[in-house]
Every structure is written in C-alpha cells, then in structure tokens.
Amino acid sequence: MTAAGGPDGRGHELGLGLDFGSTAVRAAFGGPGGPVRRFTLSGPRWPWLLCEPAVTGPLPVAFPSLKSRLGSGRPVRAGGVARAPEEVVTELLREVRERAEAEAGGRITQTVVSVPASYDSGQRTALLDAARAAGLGPVRLIGDAMAAVIGHTEGRGSTTCLVYGLGYGGFELGLVRGARERYRALGHESASTTGGRAFDDAALTGMLRAAGRRANPDRLAETDWLRLRARVERIREEIGTSGDDGLLELDLGGGMPAQLQFGRAGLVEYLERHVRRTLNRAQTLLDQSGMDRRDVDTLLLVGGGTRLDAVRAGVQGLGRELVTAPEDLLATGALWHASQLAGAPPSPLEGLAVEPADTSDDTLAEAPRLSVTLLSPPPPAAPASESEEPAPPSDPGVPLDVALARRLAEHGRVKEARALLETILSEARTLLESLEGAAAQAPDAPPPETAPVTAPVTAAAGPGQTGAGDEAAAAFASTEPTDSEYQADRKAVRRLTMARDLLTERRYEEAVQASHAAWQAARDGTSGADVLDAMIGVHCAAAMADFSPEHFPDAERWLRCAYGHDPTNARVRELLAERTYRHAERLEGRGRLDDAVEALEQCLTWNPEHAFAHELLERISRRGRNHRDRGGVPR
C-alpha cells in the first residue's frame, strides 16, 4: 500500500479484513503506520436469519442464514420484499466499505473475506461478485481456519494449530501449520448438523413435542417463529454458561401459554453426545495428517458455541494449550493477509481457500434429541355437550395451576411456586367474593356455602393426597397479605416477566430497568426479598450476555448496581471478576495491552485468586518485553 497522507494514517490506502458470519459481519481495517480499527455490523436492519417453509424435518419451518442463500438462485424476504440474496449482501458490504473509509479517512484497495470450508464454488463466486459490486475490489477469499491462525499468531514463530469452530451454521475443524509467516492447511472437517442452528431446531422440536395440544404451529406467523427461535437461543446460552435450569412460558399457537423447562442436565447430555462425535472427526483428521494430539500446540476455539461449558470441557486435551478466540479474530487474520497481499509477492499460504467439505459423508446427520419438559398440564378436554359447563377462564399470562406449583417446588423453584400459589389464593378470594355478591342479589338462590380461601388449593391434591402445594398453601394462609400487597406482588411478577422477555430480545438496558421497576413494586408487597434476588439475576444475565469491549461499560455498571443492592452476594463479586477478566482478554486480543493490564488489576481486586487473570497478566508482561522491537502491521 502506498502512503498518501500524514503520519496519522488519514488518506492512506486501506486494507480490509471481513468475517462474513451467519448473524453479523465483523470488519478490521487499517493502513500502514496507522491503527487497526474494528466494528461489527449486526442488528435487525439486515435479514441475517430467514424463516422459510421446511422441505423436510419435524419443524414446519427452517431458519437458514442470508449467508447460506448466496448463489442459490432463491430470493429472500428483506423488509417484506422478495429480493435476490446477492443484492442484499451487496448493499450490506457497501455499508461496510463506506463506514470503514469514513472512519479511517482513506480508500480500501485490498479486501480479504474469510469463508467456511463448507462454502461451495457457487457461493464463493456469488460472494466475490457481491463484494466487487460493493466497491471492495480486488477481493480474495481465505478459509476461516487459516484466518483464525493468522490472526492468532500474527506471523510469529512456528506452531501447529487445530481450529475448532462451532457457530450458527455448523461445526468445522481446520488443522494449520505456520512457520515464519508461511502457513499451510493440513486438512479440514465440517458438518452442518452440529451447530447453533441444529441446537435451536432440536429445542424447538422438543418444545412442540412436549407442549402437545397446547401447540398449534400452523397459527404461528413468520415473526412468531423468529421470536421463538431467538428465545430458544437465548435460554440455551444461559443454561450452557450459568448452571441453572431454564423456564419459558410461551404461546405456541394453541391459545394457551405452555410452561416449558429446559434442564441443564439434559442440555449437557445432548451437547456431550454431539461433542463426542466431533472428537471422532478430530481424531480422524489428525490420523490422516500423521499426527497425534501431542503435536498440536494450540487448540483454538472459534464461534459462540464453543463458549458453552459442556463444549469447552469436552474438547480439553485436543491440544497442549486451549485458547478461546476473540470474536473479531477471523477479521483480524483476514486483514493481516490483506496487508501481505498489498504489493507483496505471491501468497505464502498453501491451501488458502480450501475445497468445500463433502457433505454426503456427514456422520453427524443422525443427531440426538434434546428433551424438553412441559410443566403446565394439558388443556382441559372440550365439553361433551352444550349443557356441560366450560372450565372457568384463567389469566392467560399466569396459569393458575396448583399442579404446576407442585412441580416447581419439586424442582427446587420454591420462590416461583410460592408466587404462583399466592396468585391462586388472590384469584380464589376475588372469585369467592364475586359469587357471594351475586348470590346475595338473587332472592331465589340458596345461601352460598362458605369455605376457607385455601379450599381450591387443598382440593386439587385429590383424596388422601398431600403435596408441597398443600403445605405451602397452609403456611401462606396463616400470614395472609392484604389486597394491596397482593396487587403489588402481581405487578412485580409482570414486570419481571417483561424483563426476562427483554433479555431474550437482547434489549439489555430496558430489561435492567424493568427489573428495577419490579423490585420497586414488590417493596409494597410481601415478596420483596425474592424479587430483589430476581432483579439481581437480570442484572447479571444482561452483563454476561455480550463480552465485546464495547459492551463492557454497561456490563460493569449493571454488575456494580447489583453489588450495591446486595454487597454480601458472593456470586455478583465472582461475576464482576469474571466479566472484567473477559474484557481484558478481548483487549489483549486487540493489542490494547495497557488497557488489558488495567482491567486485569481491577479483576484481581474483585477476586485476588483468579488464576486465569494472573496467567494472562504474566503472558502480557512477557509479550510486552518481546513486542517492542517487532515491526509489521500496526495493532
């Protein structure tokens, strides 16, 4: 690249590296002598994931990505209009180019885009054409695994890396050897039946199967399906990293909400079976390359799926060192290669854009099922005749169900069981008063039979039966809250439900505010302590949802707010330390070493025994000593 401006890099010809993912495009760009800048293009403006009628499978719909539709000749719906996917991608990449050139004050003259091994020739050609139409020529492609290794090593030393990628579109392995800025792809494996899309499809299938008559998929619109998929993805991520079971209340088209439980134990078992199959692929790849696990210097984990605890635990031992790649690593590696291509001799990469994997040899096609438990009982049967009285209606947002409360208690969810039983008692009291009033106004009606408020709860257990719900009801009857307290508690429950829905939609600030409103409402009721715990849980979930440096100020603010509400909460202190450590990891990956050191020191104030923080701090210290005299692309 030829300089055309001052020392700040403005006016320079720029290199651009792109990671064109299933749910976002990550960009890294810069010129010689200037800083490397990065940004991520995501959000609802672009149709990243589509909802289309399924050709095969248990679900009536499928959720392909825009990325997978390139070169297919099939239109996609963007903004309610059917358009060619290449046209949409061209506009998307044009926005990337314009933003990069505006931020850096230069002109992009070399672009490298990373692609998965499963991308076929038609998709690659369509992507290249779209990039050129967006003004990004000349454009080159690089394999995802190769880009990850280049971004990780930055041309230093000799290493053998096994890249383990698990994203929305599927699973991919790449074995790459690097020595003195030369890289060679030794082999690859991939499968589309293990990945975020496969996991979400399995969860939705389990939900429909468990809901039974409460589900009517034909009544769900495209937006309903996309919202359900997003909520399933969210709860999978929460269960996979938090250690708690997940509970969702959803309307699956049947007109009645269904309480569905995703157990952590079931998810871990499901993931472990998938991971075992990927390990077989990894061993086959090593065998074909004449290597064993001891020859792999670094196991590089790429993609959101690798952050699930079950996945990380399962792949331990595939390499001597396990490294979790920052989210922008592929874009950074692509930029490094773009810098090499600018005025450089022929590429020193062998196997740059590897041939697509043979999907006919996908041994993961028989995927194991993911189990989901229906906590709500099946809907009542239709009346046998017109004279038969229908079941009394209930609030569709709160299933007034003693059996459900009992199940919640059996699963250790005592706080939720208590809140539900309190709501049942409140509704029973209101209904009883209305019946007494109606009876008083009817002169020919027999006098109403009086019964204790707890009678509906006790009767639900059946003759000769006792359960957690009965004991809880008896306990609550001795300390009956006032009507205003009941209303305050119900308002708090509604606000908490809203907060959890906002978390699912990734509207984190609004979720935190809704949880605050729930706690304020509960202070006038009887469930203040329980709602306080739930509010702190929302703060923690919002803070740990996104580990990008841009998200850190908000995440730290939310966690400090939670800590201010309960300074004795050890879990909040642990999350403050862990979130700050993850921030330091991202900063170190972006070359902001001084900021990373500052973050690590802050992490150690929250948890002085954080072993990974101590290890990273020592590594940065060694790297700083070795980095001072090294040239190359600026960081």
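**Strand pairings, cores and rings**

A: Leu162 stands opposite Leu299 in S15. Strands and helices here are DSSP runs, numbered from the N terminus, with at least two residues of E for a strand and at least four of H or I for a helix.

Q: What kind of model is this, and how are residues numbered?
A: It is a predicted model, where local features need pLDDT of at least 70 and side-chain atom pairs count only at pLDDT 80 or more, while totals for chains, interfaces and linings use all residues. Residues are numbered from 1 along each chain as its sequence is written, and side-chain values use heavy atoms, with hydrogens and water left out.

Q: OK, back to S10 and S15. How many bridges join them, and are they parallel or antiparallel?
A: S10 and strand S15 (residues 298–302) run parallel and are joined by five bridges. Two strands count as paired if DSSP finds at least two bridges between them.

Q: And how many bridges join S10 to S11?
A: Nine bridges, with S10 and strand S11 (residues 171–179) running antiparallel. Tyr164 has Leu173 in S11 as its bridge partner. The two strands form a hairpin with four residues between them, and Gly170 in the turn has a positive phi of about 155°.

Q: Is S10 buried or exposed?
A: Eight of the nine residues of strand S10 (residues 158–166) are buried, so the strand is largely enclosed by the rest of the structure. Buried means under 20% relative accessible area, exposed means over 50%, and partly exposed is in between, with a 1.4 Å probe and protein chains only.

Q: Which residues touch the most other members in the largest nonpolar core?
A: Leu162, Tyr164, Trp225, Val315 and Leu318, out of 47 residues in that core. A nonpolar core is a set of buried Ala, Val, Leu, Ile, Met, Phe, Trp, Tyr and Cys residues joined through side-chain atoms within 4.5 Å.

Q: Which elements give two or more residues to it?
A: S10, S11, helix H5 (196–211), helix H6 (222–242), strand S14 (258–262), helix H7 (264–288), S15 and helix H8 (309–314). Another core lies apart from it, with 43 residues, among them Ala514, Leu532, Val572 and Leu575.

Q: Switching to the open sheet. What is the strand order?
A: The order is S3-S2-S1-S8-S9, five strands with mixed pairing. Strand S3 (37–41) and strand S9 (139–143) are the edge strands, each pairing on one side only. From one strand to the next the twist averages 20°.

Q: What packs on the sheet?
A: Helix H3 (residues 121–133) does, touching S1, S8 and S9, and its direction makes about 140° with that of S9. Contact means heavy atoms within 4.5 Å. Axes are lines fitted to C-alpha atoms, for helices over the stretch in contact, and angles run from 0 to 180 degrees between N-to-C directions.

Q: How do S1 and S8 pair? What stands opposite Gly17?
A: Strand S1 (residues 13–20) and strand S8 (residues 107–115) pair in the parallel sense over seven bridges. Val112 in S8 stands opposite Gly17.

Q: And S2 with S3?
A: That pairing is antiparallel, over five bridges, with Arg26 opposite Thr40 in S3. S2 and S3 form a hairpin with six residues between them, and Gly33 in the turn has a positive phi of about 85°.

Q: How many aromatic pairs are there?
A: A search of the whole structure finds four. One of them is Phe29 with Phe39, edge-to-face at 5.6 Å centre to centre and 65° between the planes. Rings of Phe, Tyr and Trp (its six-membered ring) pair if their centres lie within 6.5 Å; planes under 30 degrees apart count as stacked, over 60 as edge-to-face and the rest as tilted. Both Phe29 and Phe39 are buried.

Q: What sits over the ring of Phe39?
A: The charged end of Arg99, 4.0 Å from the ring centre. A charge sits over a ring if NZ of Lys or CZ of Arg is within 6 Å of the ring centre and within 35 degrees of the ring normal.

Q: What lies over the face of Phe547?
A: Arg582, at 4.5 Å from the ring centre. Phe547 is in the loop between helix H16 (528–543) and helix H17 (552–565), and at 12% relative accessibility Phe547 counts as buried. Not counting residues up to four places away in sequence, Phe547 touches Arg579, Arg582 and Arg586.
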